[in-house]
Structure formats: C-alpha cells, structure tokens
Amino acid sequence: MSFGLAFLAHFNYYSEILIFCEKGQKFRDGDVLPKFPLGLHSPGETWHLSVLDTVFRKLSVLLSTFIQFSFLQMMKFAWDNYKQYALGKNELRPLTKNGHIGNMFGGLRGATVVDALDTLYIMELEEEFQEAKKWVEKSFDLNVNGEASLFEVNIRYIGGLLAAYYLTGEEVFKSKALELGEKLLPAFNTPTGIPRGVINLGSGMSWSWGWASAGSSILAEFGTLHLEFLHLSELSGNPVFAEKVMNIRKVLNRVEKPQGLYPNFLSPVTGNWVQHHVSIGGLGDSFYEYLIKSWLMSDKKDSEAKKMYDDALEAIEKHLVKKSAGGLTYIAEWRGGILDHKMGHLACFSGGMIALGAEHAGQERKQHYMDLATEITNTCHESYARSDTKLGPEAFRFDAGTEAMATRLSERYYILRPEVVESYMYMWRLTHDPKYRQWGWEVVKALEKHCRVEAGFSGIRDVYTTTPTHDNMQQSFFLAETLKYLYLLFCEDDVLSLDDWVFNTEAHPLPVNHTNFKASVQ
Ligand code: DMJ
C-alpha cells in the first residue's frame, strides 16, 4: 500500500470529526478524544478543543492533497497501461492486454487519448499529457470511413479537443475539433434539420440507428450537441454550427409535449414524436443537462434554455418523481402514461444537475430543488451501498419489495460509469457536506478492490458478488469522467470553478462566455 493510501485509511476518522464540526457541534476544552491516529496525541491527553476546528480543517486540506495523489496514481495506472497495450486503439482491454476499436466512432481511433487529455492536464501529469498530445499531432487521422455515432463523436472527441484547447491554448486541438465538426454537418441534412444518429465520416451519408423506432432520432443524442456546437461557431467564426443546434431547439419548442414531457424518439422527417417513452436516464438524460448548461454557458443570458429546463423539470417532478415505501426518492420512467419504477445508473447524474439548477432557481424554489437533488443523490448512493462490492448496478428498481437494487441479472453490471460520483462532485461543491467526500472515497476503495486488474481498470459483471467477473474493458469515460470528477471532489472549489466552466456530458470543461479561457486552471 502506498503512503498516500495508508494515510487515507484514516479518512473516515477525520471525516467523522469534520461532520461533527460541520453540524455546528463544538468540542469542549478538556474533552478526551478516544482515538487519534498518527501518534499526534497520547491516549488520555487532553486537548484545548477550541482549536480543534482549525486543526481539523488544516488536516482536511492535507488529507485532500493525499487523496488527490491517489487519483493521480489511478489515472497514471489507467493511462500507462492504455499507452503500453492499446495506444491508438479506442479502449484498453486490461485483462487480455490489447486494444479495442468497437464500432461507435466510425474509423476514428484514440478515443481514450482524446478523452484523457484534459484530465491528464488538470492533474498535472505533464509527461503523460505530452504523450497524448503527441499522438493527436502525429497519429490522429480524421480521414476515415465507417459508421460513427454523431453523439459519441461530439461528446468525446469534439468535447475532449475543445477542452484541451481551452485549457492549453494549443492550436492543434482547435483545428482538429473544427475539422471534425465539419464532418458531422451532413447528418443534419434531413427535412426538419434534426440530425440522424449515425454518420459515415468519409461519405457524409447518414441514417438512423437500426434499433430506433421507425427511423427516429434520439432525444439525448440530438439534444446533446448544443454546448460543443456553439463553441465551434465561436472558434471558427462560422455560424453554421450554432444555426444547426438553434434549429433543433426550434423544432422541440414547436412540437407538442405530452403532459409537458419530452419523449425520447423523434422523427427527423416529420418532427413528431414516434414513441411516448420518457426517461431522465438513457435516451433522454443529457438533453436536460444541456438545457441548464446552455443557460449557464451563455453567462445566464440564454433565457429560452432556462425556461425549457425549468418547464421540463417541473413536468418530470410532477409525473416521474416518486418515493419508495422505504422513503427513497427516485425518478421513474414513463411509457405512454404508465410508470416503470426503475432508475438507470445513467439517471444518477440528475442529482448534480438538479443541484446546479437549484442554485439559480428563485429563492422559494431553491431549497425545494436542493432537497430533491440531495434525496436523489442519496438514493443513488444507496444503490451502491446495498451492493456487496459497494459499486452500483446498471439499473435498480423499486417494485415488488425491492428498493434501489437490480432485480434482473442483465442489470447487475458496472462498467466504470461516472454518474454517481458526478453528482457527489456537484453536491460537494454546492453544499460542502463532507458526506459526499466520504461517499466518493468509498467508491475509490471499491474501484481499487474490485476493478483494478493487472493492466488497468475493468468493469465488472455483477456488483452483488465480491468475486466478480471482469468485463475486460477500460472505458474511455473512466479517464474522462470518473477519475476527473473524483479528483475534483477533493480539489478546492476554484479548480475549474463552476462559475467559470461548464462540463460537457463527458466531463470536458468548456468556458462560460465571460471566462478568459487562457486563465490557468491551477
Ligand atoms: C458518457 O459517455 C457520458 O456521460 C454520456 O452522457 C452517458 N454515458 C457515458 C458514461 O456513462
């Protein structure tokens, strides 16, 4: 065990004391502390406890530094193994020690490189960042053919390149982002301008996913382009990108919403909904996220986006938010008026999103939404706490006596997803309640115990067994999001301040309109 990790073994002890202080309770001079590691105080010795608050705050800063050190180790381990066994492929297969290409990126390579760039930079892993940059300069080839997901290319590649550009000012990232952006434009050539989900980056031909009902486009896909496309227009001086996403908004504003809700499938031909399935998890999720973040990124000027977000959240709360018999608040899915009492891991980003929006709700709504965000984040934490590995399943249910646990074998897996720690990060920044750091640390311990394998980190197939089988995949979003959000959870608030940056849905930071992006992140 490294010194950092050994030190961290005391984390729970310190955070208990911190929680005690945060609750406004005071030690009295002369109290005896029952246990105190590190030999700073001998048993039975009394403290002038009026100074303890300061002492523990200082210890907390020190502790956070050591914790950050363990994230650096994790990130370096994930990166080094990817570099050694899979550089130039999209993901690392950490058990078989080779690379994975997959079929989401249409011939593009290096998804892990581009997704990892800004995390390496923020963590000041300078040598590793230079390795990644060199790969982008020398080997990142955009002249490819093949079926790419418009959404995935946008959030991972364009988002990753834009963030790397804004953090470093290096032109190579900007020019690659713009070149790639141009290649996505033909997907918007539909009767409504709603893009199709799949595009051939070579020929520009586009089509809908075979599994999407009746040739429809997916809300979370065409609704998760706004942030990146506005930056592409800003950087290129070419309004076309902004026009494309503003048109999507126009179509969405025009179409009638059942009960004020946004279904997940829309026809790019007619502009009408194809199926009435509503979800704040998969298929819907980041559409809502991009509404509130569009407003924030505009320096709170895009009031249309704010209104769409407020109205959507109100409808979601009215129709989808429920409380279980055991008192857990959750967001169900809606199928033409019938509720499916299930929450996907993906839906767990919503605690953070609702808290972020609450900050800017009117005074009377603010507390209400903060409470909702707290409850949902708590429910997502329960889905982790109730598993044997302390990692959460892909989906968990609230029916037939089940609370926050997966009931189907096919929903028991964990693929290194970030959404729960993402919410911990926002909740911490917005409340400073130390329980979020504690919960984040629990995730770190679980990742180290169950997902670290000889050559990287791997997803697991069943969170309810302590001898899980690994899925042999180190997802690129583990480096882009999971490790970044964990790291930020233990940083000072001014590291990528929420006032100056918005994170795209792959956790790539983009500057708010007022931000001088060349300002150092340190
Ligand atoms: C990421 O690629 C993004 O966060 C996306 O919005 C949803 N799914 C994954 C991570 O789980």
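1. Y436 counts as buried at 1% relative accessibility. Buried means under 20% relative accessible area, exposed over 50%, partly exposed in between (1.4 Å probe, protein chains only). Y424 is buried too, with a relative accessible area of 0%.

2. Basis of the values. This is a predicted model, where local features need pLDDT of at least 70, side-chain atom pairs count only at pLDDT 80 or more, and totals for chains, interfaces and linings use all residues. Residues are numbered from 1 along each chain as its sequence is written, and side-chain values use heavy atoms, with hydrogens and water left out.

3. Confidence. pLDDT is the predictor's confidence in each residue, from 0 to 100. The protein has a mean pLDDT of 91, and 88% of its residues reach 70 or more. Residues 1-10 have pLDDT below 50; this stretch has 17 contacts in the model beyond near neighbours in sequence. The pLDDT is also below 50 over residues 34-39, a stretch with 14 such contacts. Contact means heavy atoms within 4.5 Å.

4. Aromatic pairs. The structure holds 25 of them. Rings of Phe, Tyr and Trp (its six-membered ring) pair if their centres lie within 6.5 Å; planes under 30 degrees apart count as stacked, over 60 as edge-to-face and the rest as tilted. W209 and W211 are stacked, because their ring centres are 5.9 Å apart and their planes are at 20°. Y424 and Y436 form a tilted pair, at 6.5 Å centre to centre and 40° between the planes. This pair links distant parts of the chain: Y424 sits in helix 15 (residues 419-431) and Y436 in helix 16 (residues 435-451), twelve residues apart. Helices (H or I, at least four residues) and strands (E, at least two) are DSSP runs, numbered from the N terminus. Elsewhere, ring pairs link F105, W135, F140 and Y157 into a cluster.

5. Nonpolar cores. A nonpolar core is a set of buried Ala, Val, Leu, Ile, Met, Phe, Trp, Tyr and Cys residues joined through side-chain atoms within 4.5 Å. The largest has 158 residues, and L108, Y288, L391 and L447 have the most contacts inside it. Helix 6 (residues 150-168) gives the largest share of this core, twelve residues. Apart from it lies another core, of five residues, including W209, A212, I218 and F265.

6. Around L391. Not counting residues up to four places away in sequence, L391 touches S383, Y384, Y414, V443, A446, L447, H450, C451, I460 and V463. Of these, C451 is buried, with a relative accessible area of 0%.

7. Disulfide. The count comes to one, taking a disulfide as a pair of cysteine sulfur atoms within 2.5 Å. C348 is joined to C380, S to S 2.1 Å. The torsion about their S-S bond is about -90°, so the disulfide is left-handed. C348 lies in the loop between strand 14 (342-344) and helix 13 (350-358), and C380 in helix 14 (residues 363-385), so the pair ties together parts that are 32 residues apart in sequence. Both C348 and C380 are buried.

8. Three strands form an open sheet, in the order 9-12-13, with antiparallel pairing. Two strands pair if DSSP finds at least two bridges between them. Strand 9 (277-278) and strand 13 (338-340) are the edge strands, each pairing on one side only. Strand 9 is joined to strand 12 (residues 333-335) by two bridges. In strand 12, R335 stands opposite H277.
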